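Student: I would like to go through this structure with you. Please show me the sequence and the coordinates before we start.

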Amino acid sequence: MPPHRNVASSSYRTRWKELVGISKHQIYISHSHNPFLNLSIEHYLLQKSSPDSTVLFLYRNAPCIVIGRNQNPWLEVNFEEVQRLRRLEVAPGDTAAASALASERWKDISLVRRRSGGGAVVHDLDNVNFSVICPPKDFTRDKHSEIVTQAIRELNPRARVNARHDIVLDQGDLLAKQNWPDPKDMHRSMFEPEGPNGPPLKVSGSAYKLTRQRALHHGTCLLTCRELPRISQLLHSPARPFIQARGVESVRSPVGNISNDLTAGTSVRQTFERELIKAFVIAHGIKNEAYSNFGSTHWTSESEELVTRYVGEELYRIQEIREGESELRSKKWLYGQTPQFILSSHPTEEDSTARPRWRWPEGLPPSARVYLKAKSGTIISTRISISRYDQVAQVEADRIDRNLKDRNIHDVRDFLPLLTIGYDAPELSQSSPGSRRGIPSPGKYKKSWGMMSHTASWLNTMLGKPGQPWRTGYGHSNYLR
Amino acid sequence: MAAVASLRVPLVASIRAQSLNSCACPHARLAAQLQSRLPRSLPPRAGVRSFRTSATLQEKRYTNDHEWIELSEDGKTGKIGISHYAAKALGDVVYVELPAVDLEVSAGDSIGAVESVKSASDIMTPISGKIIEANDILAEKPATINKEPESGGWIAKIEVADPAEAEELMDAKKYEEFTAE
């Protein structure tokens, strides 16, 4: 038995931390389904693994939406849908059993912002994530997409790497034999790209993070996801036509599953993991026991040449991983990292594209205007008014701006109180046209109040949060507290 | 191009031309050639004026991580950016995370990040000090970093803690050799 075994038994964690820093090849599979923990372990490996090592890390996450480092959650995520899932509401058309099962798995759906670039994706347990960390000199965006494609081809020969470094399944007919590409060519498959079912379907998307010493390439692999339509639903934000944002917008692609046998989730996953480890081991010249022992109790290895092992919740005991996990969970990272954006109900100088009228709530007069600018998740300026009279609109806008300015969007539970605080202040009553002796008639008052409530409800929809239901019954006693 | 290498040429022209020449990018080389011709075609007065403003700059220095720093003449402040080589390697930049003003950093610390082709890449400061200004142009037009990484696409200005740190970095010629490897 090599001498380090003794050290490992005396302090298992210390030994692992040490091995991460020295071992040349490392392969890990996470038992945890916590997206924050898995991303935190990944980040730890990125920062602490030996500079010339190559690391493969496989993990699955419980249902979550993962947005890229420089994305805007309000632009990418359909929070209405997230809240519906969280409230365990059953989607129309679902059979009772299926929906009960689905809701049970999706009710804890979380929103995650990763540290790498790229666009928004949805994970669930039928999606396997891979992550490869290597020295920058070995890094190209295609290299590991090609290795993953090799593994996917063991399950589906239609797979290939496309121009965006993603992996897609060609949908067309089998090519004539003389036109088959070299089997080693991962950029062309034996099939026509397009078929009667449409264009190639994306099954794996990639993102990257490059630091001073290391390059990280991670990606998703949709194996047997039973809820593909839900992915698209969750990523359709109602606010998209109204937001103009700096940062990175997602590129939409139709998605598919690598395997057609959706009931064989576990065996498909095990095959895929084994094939991926095999392709990785061959590509990096690693001892083949890393692959041949996979699935048996002999798989675990802890040497300076090769570390292979399962990881999970026990890594919470490592301070950096624990702190990284809470940082990823924090609102400061999740929302505060949002690049500057403008939400506007109408075309503006900065963003002159037309707004779809049907998105604008009924009951609001055409004179209503909402303009809100936010930086790092904090509101920096607003102009919100409903009156068609410039002077009144100005008073309304000033008052609301005082209430909203410097607030974090993610801390606003409901916009209604913020729009109506000080609403019956004398400044407004006196200047309200059509009123006699400066006091608005009750009828008018009630009507404008309703309009404010519509405006607030629209803002609540546009700038939703995953946490609390936005469709609350508005009652005076509730919101003026 | 022999005149460019001579030290008698006004400082800024020589620095720019050198640094641009050092890049493998054909556009940059073309730009360098154009730039090196510019001062000669200008009337003498304009030449004098450009000499005065450029004289406040010291020679640009480069790091292994493809960042550059250009110190002011008194060595108290410096401008930080990424090299032509790095900008080309990154691909189309779609977002730049700029550092906060007053951020205290030591050499090698991350002062921001750029995103290009689904990659988030850290930008490190070549030198220790305090950030005094970030280039707001990059917030609105991130592509500036691809177009002119070593001039208009600078990332931050820093109050330098120890100007001697810059002397350990590569000059344009050494950096050119480094990137040619």
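Student: Which residue is the bridge partner of His25(A) in β2(A)?

Tutor: This is a predicted model, in which local features need pLDDT of at least 70 and side-chain atom pairs count only at pLDDT 80 or more, while totals for chains, interfaces and linings use all residues. Residues are numbered from 1 along each chain as its sequence is written, chains are lettered from A and ligands numbered from 1 in the order in which they are written, and side-chain values use heavy atoms, with hydrogens and water left out. Strands β1 (residues 25-30) and β2 (residues 54-59) of chain A run parallel and are joined by five bridges. In β2(A), His25(A) has as its bridge partner Thr54(A).

Student: In what sense do β10 of chain A and β7(B) pair?

Tutor: Strands of a sheet pair through backbone hydrogen bonds, either parallel or antiparallel. Tyr208(A) stands opposite Ser119(B) in β7(B). Strand β10 (residues 206-210) of chain A and β7(B) have three bridges, and the sense is parallel.

Student: What is the area buried between chain B and chain A?

Tutor: The contact (heavy atoms within 4.5 Å) takes 22 residues from chain A and 18 residues from chain B. Buried area is the accessible area, with a 1.4 Å probe, that two parts lose on being put together, summed over both. Carbon and sulfur atoms give 43% of a total of about 1700 Å².

Student: Which residues of chain B lose the most area to chain A?

Tutor: On the chain B side, three residues together give 39% of what that side buries. They are Tyr95(B), Lys118(B) and Ala120(B).

Student: How many salt bridges does the rule find across the interface of chain B and chain A?

Tutor: A salt bridge is a side-chain nitrogen of Lys or Arg within 4 Å of a carboxyl oxygen of Asp or Glu. One of them links Glu97(B) with Arg69(A), whose closest N and O atoms are 2.5 Å apart. Across the interface, the rule finds five.

Student: Which element gives the largest share of the side of chain B that touches chain A?

Tutor: At least two residues each come from β4 (93-97), β6 (110-116), β7 (119-124) and α6 (137-140) of chain B. The largest share is five residues, from β7(B).

Student: Is Ser116(B) buried or exposed?

Tutor: Ser116(B) lies in strand β6 of chain B. Leaving aside neighbours within four places in sequence, Ser116(B) is in contact with Arg141(A), Leu90(B), Gly91(B), Asp92(B) and Val93(B). Buried means under 20% relative accessible area, exposed over 50% and partly exposed in between, with a 1.4 Å probe and protein chains only. The relative accessible area of Ser116(B) is 0%, so Ser116(B) is buried.

Student: How much of chain B counts as buried?

Tutor: Chain B has nine helices and nine strands. Of the 181 residues in chain B, the buried part is 45%.

How values were computed: Helices (H or I, at least four residues) and strands (E, at least two) are DSSP runs, numbered from the N terminus. Two strands pair if DSSP finds at least two bridges between them.
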